Amino acid sequence: MCAAFGVTADELRPPGIHRGWHSGRIELRPVTDTAETLWAAHALGSVSVPDLRIAQPARATDGRQVVGGWKAYRTADGEADTADDVGAAPGFDDIVLVSVKLHQAVAHL
C-alpha cells in the first residue's frame, strides 16, 4: 500500500492529531467509508480558498483513491501564521470562519 502512494514504509511517522501515518508531504489515513472518501476526494480535489490551506487528496500511482483500505492526502503548502500557532487548538471563531469559507467553496456540490 505504501508504494502505491509513493512512500516507503520505513519513513512513516505518526501524524499527530489524525489516525494514520505520514511521510514527507503525504499523509495516509484509514478509510472508514469508501463512498465518503471518494466524494471528499472529488470535492476537495478542486477546492481552492484564499487564505485557507487545504490538504489535497493524493491518488495512488494507478489512479485509485483507496488502496488496501487506506487513502492519502498531500499536506498543504505553507506554515502556521506564527510559531505560537503550531500545535495550538484553534478558537471557536477560527473554526466558524474556516467552516463558512469551506462551505462557500463546496456549496455547488
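**Briefing: core, sheet and confidence**

Leaving aside neighbours within four places in sequence, A72 is in contact (heavy atoms within 4.5 Å) with F5, I26, E27, L28, Q56, P57, A58 and Q65. This is a predicted model, in which local features need pLDDT of at least 70 and side-chain atom pairs count only at pLDDT 80 or more, while totals for chains, interfaces and linings use all residues. Residues are numbered from 1 along each chain as its sequence is written, and side-chain values use heavy atoms, with hydrogens and water left out.

**Nonpolar cores**
- A72 belongs to the largest nonpolar core, whose 11 residues include F5, I26, L28 and A58; such a core is a set of buried Ala, Val, Leu, Ile, Met, Phe, Trp, Tyr and Cys residues joined through side-chain atoms within 4.5 Å, where buried means under 20% relative accessible area (1.4 Å probe, protein chains only).
- Apart from it lies another core of eight residues, among them V47, V49, L52 and Y73.

**Sheet**
- Four strands (DSSP runs of E, at least two residues, numbered from the N terminus) form an open sheet in the order β1-β2-β4-β3, with antiparallel pairing, for which DSSP must find at least two bridges between two strands.
- Because β1 and β3 (56-58) stand at the edges with a single partner strand each, one side of each is left without a neighbour in the sheet.
- Strand β2 (residues 26-30) pairs with β4 over five bridges, and R29 stands opposite K71 in β4.

**Confidence**
- The protein chain has a mean pLDDT (the predictor's confidence in each residue, from 0 to 100) of 84, with 85% of its residues reaching 70 or more.
- Over residues 80-84 pLDDT stays under 50, and the model has three contacts beyond four places in sequence for them.
- Where pLDDT is low, the predicted coordinates should not be read in detail.

How values were computed:
Buried means under 20% relative accessible area, exposed over 50%, partly exposed in between (1.4 Å probe, protein chains only).
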